[in-house]
Amino acid sequence: MKRLKLIKSAFTLAEVFHTAGKYRRFAFTLAEVLITLGIIGVVAVLTIPTLVAKHKEKVTVVKVKKAYSILYNAFQFALANEGTVDNWGITGVYKDNDGNTQISQDGSEKMANIFMKYLNKSSFCGGKMDCIGGYDQIVLNGDEYTVKAQGASTVVLADGTGVAFTPWMVNGTCNSGCGSLTIYLEPNKKAHYGVNAFTFTLYKDKIIPWGSASIVKLESHNSFEKKCVYKGGNFENGLACTGWILEIGNMDYLHCDGLSFEGKHKCN
């Protein structure tokens, strides 16, 4: 017959202190806890801003692609129903009495209204930039410029994205392009090219992201290498970042130089 193993139901005082001493060796002192929390805090301070910035960039890429898809689809309907852009009867740019280049308000408004026929739940903002950040534009190095050619009509899409329509035609003729469309992801803030403002070139029968490798060659003054320059300061620097976002899918041009469509696509 097997003997039943008795369970001890009481301990001596010495046994209690001996057991407590054994477990106490596995605990942390207050100093150790504070040091650990301090290290965690330092790591968080160093890494969280970077993670937040990267997340924001990914969100921006998605928004730019969405806006492009909306405008592209609307343009396809416009082509089918209105014909090519050079047949829209749009007046483009002209010189004022002081010799400054100005945007035809009538031409810009007509271009915006044609697009609006095919943009679901969009609203017309009129011939002013105030509803999408004003006339001051920021380039990649932080320099601020004031848009000289004023008068572009603006439209606000259903998701709050602003779009400015700028015709380039002279006497109804499209030369290098018929105009441009610039989207503003943060209409309540100043336009920052390559950060929250992105531009597309409007041709007779297509919309091309500014700086796209498929259209703009390296020698062009509108190429990615010329107008999406890391910390660059020319008054249009950042315009050509649009093509990079749509074709490469990141915003690493904000963090390093040496990027190219044919070579390095990421900073590290």
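Q: Which residues are buried in α5?

A: Buried means under 20% relative accessible area, exposed over 50%, and partly exposed in between, with a 1.4 Å probe and protein chains only. In α5, the buried residues are Cys241, Thr242, Gly243, Trp244, Ile245 and Leu246. The helix is mostly covered, with six of its eight residues buried. After α5 comes glycine 249, whose phi is positive, near 90°.

Q: What kind of model is this, and how are residues numbered?

A: This is a predicted model, in which local features need pLDDT of at least 70 and side-chain atom pairs count only at pLDDT 80 or more, while totals for chains, interfaces and linings use all residues. Residues are numbered from 1 along each chain as its sequence is written, and side-chain values use heavy atoms, with hydrogens and water left out.

Q: How many disulfides does the structure hold?

A: A disulfide is a covalent bond between the sulfur atoms of two cysteines. Here it is taken as a pair of cysteine sulfur atoms within 2.5 Å. The structure holds three disulfides. One of them joins cysteine 174 to cysteine 178, with an S to S distance of 2.1 Å. The torsion about the S-S bond of cysteine 174 and cysteine 178 is about 110°, so this disulfide is right-handed. Cysteine 174 and cysteine 178 are buried.

Q: Where in the chain are cysteine 228 and cysteine 241?

A: Helices (H or I, at least four residues) and strands (E, at least two) are DSSP runs, numbered from the N terminus. Cysteine 228 and cysteine 241 form a disulfide, with sulfur atoms 2.0 Å apart. The pair links distant parts of the chain, 13 residues apart: cysteine 228 is in the loop between α4 (224–227) and α5 (241–248), and cysteine 241 is in helix α5. The link of cysteine 228 and cysteine 241 has 100° about the S-S bond and is right-handed.

Q: Is the link of cysteine 256 and cysteine 267 right-handed or left-handed?

A: With -95° about the S-S bond, the link of cysteine 256 and cysteine 267 is left-handed. Cysteine 256 has a relative accessible area of 12%, so it is buried. Cysteine 267 is at 25% relative accessibility and therefore counts as partly exposed.

Q: What does phenylalanine 75 touch?

A: Contact means heavy atoms within 4.5 Å. Not counting residues up to four places away in sequence, phenylalanine 75 touches Val85, Trp88, Phe115, Leu202, Tyr203, Lys204, Asp205, Lys206 and Ile207. Phenylalanine 75 lies in helix α2 (residues 30–82), and its relative accessible area is 0%, so it is buried.

Q: What should the 12 residues of helix α3 span?

A: The expected span of a helix is 1.5 Å times one less than its number of residues. For helix α3 (residues 105–116) this should be 16 Å, and the end C-alpha atoms are 16 Å apart, which agrees. Among the buried residues of α3 are Gly107, Met111 and Phe115.

Q: How many bridges join strand β3 to strand β6?

A: Two strands pair if DSSP finds at least two bridges between them. Three bridges join strand β3 (residues 123–126) to strand β6 (residues 153–156), and the two run antiparallel. Phenylalanine 124 has valine 155 in β6 as its bridge partner.

Q: What stands opposite valine 155 in β7?

A: Valine 155 stands opposite valine 163 in β7. Strand β7 (residues 162–167) pairs with β6 in the antiparallel sense over four bridges. The hairpin of β6 and β7 has five residues between the strands, and glycine 160 there takes a positive phi near 95°.
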